[in-house]
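Please read them alongside the sequence and the model.

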Amino acid sequence: MKTLNLFFLLVLFLCMSQLMHSQSTVEKFGRLHTNGNKIVDKNEKTIRLAGMSFYWSNNDWGGHKFYTAGAVNTLVDSMKCNVLRVAMGVNDGGGMIEDSASNKKRVRTVVDACIAKGIYVIICFHSETAHNYKSQSIAFFKEMAKKYGAFDNVIYELNNEPGNISWSTVVKPYANDVIDTIRKYDSDNLIIVGTTNWAKDVDIAAADKIDDENVAYAFHFFPGGTYTLSTYSTRITNALDKGIALFATEWGVSSDTEQMNLWLDFMKSKDVSICNWSVNDNDGEKYSILKSGAPTSGGWFNNNYTDAGKQVKSIIDAYSVDNVSFSNASNNIESHASYTIAVNYNATEEREIHVDFFDVNNTLLGSGMLKVAAGTGKAQVVVNLDNAPAEAAGYKWRCDIREVGADFSKALDVKEFSNVNVVTSLKIVLQQTMSIIEGKENGKSFDVLLLNGKFVNVLTTSHWTLSNQPAGVVIDTLVRVGDTLVTVFLSGNSTIGTYPSNITSLTLTLAGAEMVSGTSSISANTGIVLSKAYSYLPQTYTDGTYKRINYGFYIPENFDQRRLYPLVMYLHGFGSVDPVYLGIYDQNVQNANPCFVYTPRTNAYVDAQGKWFDTWSGWWTSLTEQMTSTLEQMDILIEKYPIDTNRIYVYGISMGGEGVFELLDKRPTTFAAAISICGGGRDSWAPNIAKTPFWMFHGGKDDINPPSITEGVYNKLVSMGAKKMRYTNYPDMGHEIWNTAQNEPSFYDWMFSFSKDDTTYLKPTGKITLTASLDIPGISLSWNDIRDANSKANKIWYYNIYNSKGLIATTEYNKTSLVATALQQLDSVWVEAVNYNFQKSSPSNKFVYNQAISNEILTQIADEPLTITQFDDKIVIEAQGKNIPLYVQLFSTEGKLLFESKSTSPVSIATHSLDSSLVILKITGNNAVVSQKLMIK
């Protein structure tokens, strides 16, 4: 009799805003092994990795402090490492011989973090005289192989740079004995052996190979001086010709960039993977990638990197496996147009690059393809949008790189650019030289244009200054026609001057509800005075000045002087001071939460003191004069209007988001809640920031403010146990994420739910029931919505999905389903709800997936689990408990129904008369769904 207890797991790595699952490096390439002189992946394809080596792990050597999960996360997310090397110090002071526990703990921390991030990790017994510590090495690698041998991520490196000793009589015998131990517990992970002459004599090792089919050999190079490629290229080539694979587990940057680039190009041409030396902040060592004082928990800013580190960062990103990224995808495009999309790529051999355009239903509307040769470059892919509609929003670009002739399912790397708008165009032919009209209101001047009888307010006139710019240049100026957003593009000839002159045409691309099309002319007059420069803002919006600031103030319509209202302070970004984009003015938002809105405006592009933070006296050590004036004026407004001081909120984007971080540090008791969008700050501010409920947003591809300046603070907050913090990352988006963030369904409701005098934090009471169904290649997971608008505890904000290792996904309250496509060995998954006050519900029931039995089994751990027992002549399905209804079906693999039963447990299926030996069993009941392949005896 054979009994199968069905426990199943669902493991999901699905970022909230992605529309498709993003595989990790190890998920994509699997267990590595050698094939001749190449290191190949699970599909026998050559792989080339690039990453970093940690410094020696020895106590108090300096580099040991960076053996943290946060450092690993930054090296993967920011430096784009797909392999890391842990260098466990052995015999020198503070190494494993003196303190085994501390050194091995550091190693395990990094290895565990690499596995969690889905990258490869090299575990190195880091000693030049490892052969003198063979017994310790054998014990160490036995422990590592037993613990990590089941993971495809792990690579073992047996020694580091043996000196001038014999390969055949010293190093090779040592390696053979250690390999024999590893193979008892791990039969197929890659092993690297250091070669003699400080990892140079690869040709000697090639002439006397180690007797193991999955061994590579280390070569180290540090360009500069006599360390020229010509000295070693023949040696390396000869070794490869003899059929051994190489791995450059250490290399160093050089001021001799010409020689360094020769080395890197040569190694790349030979498909040799590389790890740079090293993750350290020693100012006295030229190979350290970090400056002294860089945070040990990662989240490094650009100014935390040394010049060497900045070089390495760019090298790693362009060195390794096939990858692709957008260079010029646009948020606003014209329908029925042809677009040339620039894509950056790295190809290990001849590849195809595809660019596709999709609507909100993932319908393909246009595509283009270009073949590229091996190497790194920029591809110009032409896409014709013949099927795009006239105007709509929510579209996306997708680019991928794949083998020639392969379909999308075999893509080697995929990137998306989302939230694209299809817009119409208004082309206006100028009949005369453009002139600017000055408008005045309350003594202030505004530059405007008159277009078809409508005033066009120019928000940033300083950007109109031209200096012989070429025809077709895009001028970064935002204007408005009524309530319609307009982006200005200039074409034709221009001369130096305050405003463009001799312009032959002006193209206005419109995005918004009111579209305009056609051709018209501009007539310009002078001396016109505007009755309302900000006519597109709410009627109760007014302007004011205080000291160095201008500011706007919105008063809720028909407010009652006898009651108190919340106040929202909005801090704008560097490029736009106009508060018109705020969704908080929307009538639905105001109806739900009537509030005052305070919008101070800076002159940041004119005056450094106009910024929201102080960049001149170090890292934001004090409030700027602008911010101080801003807070003083806020106090004046609080005195004048019925504002609830327990419900003051701050919200900022970009530069304003950075201002939010600083305010929470410098004024930690002022605000009831805070939101930062593409901002950031210092992790040293975390203790004060932790005092205010805080929602942080960032784009994963932000090239203006790197995500690390938000993530570093957030990770610090999490590590110190702060409870009222949330971080939302949009992995495929850049800097301009404010509209996406503002449109999150709970954006304003969450903010307004907080009051400083509210000490009631109730736990959600609704019961979550998790259900699932097979959806090959994944599993569909869904649960019930437990929101209750009348219950403070059950105003659900978002749902967390966990496995036994921790949080694997998050969805907003309006999304109660996920599709899991990444399944791993025996583990469970469950869901919990989080309310606006960060309180978590009781966990739902759990699901468990057992990969060891079948990749197509799904069941639920209910109070009474199901059991399947297979006898020689029958299968018995039983739910623990009495009278449990079960619906049982048995199908052939072709889909023919062989058996069906609707009855109570137990259910018995006779198998002696079945005409199929391989069947699919499906069971519904006991709050469970089961699908399993069985071989009938």
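1. A residue is called buried when its relative accessible area is under 20%, exposed when it is over 50%, and partly exposed in between, with a 1.4 Å probe and protein chains only. This is a predicted model, in which local features need pLDDT of at least 70 and side-chain atom pairs count only at pLDDT 80 or more, while totals for chains, interfaces and linings use all residues. Residues are numbered from 1 along each chain as its sequence is written, and side-chain values use heavy atoms, with hydrogens and water left out.

2. Overall composition. The protein has 937 residues, and 54% of them count as buried. Its secondary structure consists of 17 helices and 50 strands; these are DSSP runs numbered from the N terminus, helices being H or I of at least four residues and strands being E of at least two. The accessible surface is about 38500 Å², with 47% belonging to carbon and sulfur atoms; areas come from the Shrake-Rupley method with a 1.4 Å probe, and for residues only the protein chains shown count as cover. Among contacts (heavy atoms within 4.5 Å) with a separation of 6 or more, 68% are between residues 24 or more positions apart.

3. G163. This glycine is placed in the loop between strand 7 (154-157) and helix 5. G163 counts as buried because its relative accessibility is 11%. Leaving aside residues up to four places away in sequence, G163 touches E128, T196, N197 and W198. The C-alpha atoms of G163 and W198 are 5.0 Å apart, although the two residues are separated by 35 residues in sequence.

4. Helices 4 and 5. Helix 4 (residues 134-148) packs against helix 5 (residues 167-185) at an angle of about 25°, and their axes are 8 Å apart. Helix 4 is therefore roughly parallel to helix 5. Axes are lines fitted to C-alpha atoms, for helices over the stretch in contact, and angles run from 0 to 180 degrees between N-to-C directions. Angles under 35 degrees count as roughly parallel, over 145 as roughly antiparallel, 65 to 115 as roughly perpendicular, and the rest as oblique. On the helix 4 side, K134, S137, I138, F141, K142, A145 and K146 meet Y174, D177, V178, T181, I182 and Y185 of helix 5. By class, this contact comprises 7 nonpolar, 2 polar and 4 charged residues. Here Ala, Val, Leu, Ile, Met, Phe, Trp, Tyr, Cys and Pro count as nonpolar, Asp, Glu, Lys and Arg as charged, and the others, Gly among them, as polar.

5. Helices 9 and 10. Helix 9 (residues 257-269) and helix 10 (residues 307-319) have axes 12 Å apart and pack at an angle of about 25°. Helix 9 is thus roughly parallel to helix 10. Helix 9 contributes T257, M260, L264, M267 and K268, and helix 10 contributes Q311, I315, A318 and Y319. The residues of this contact divide into 6 nonpolar, 2 polar and 1 charged.

6. Backbone points to inspect. W277 and S278 are joined by a cis peptide bond with omega of about 5°, and S278 lies in strand 11 (residues 273-279). The peptide bond from S905 to P906 is also cis, with omega near 0°. N362, which is not a glycine, has a positive phi of about 65°; N362 is partly exposed, at 44% relative accessible area. F838 likewise has a positive phi, near 65°, but F838 counts as buried at 8% relative accessibility.
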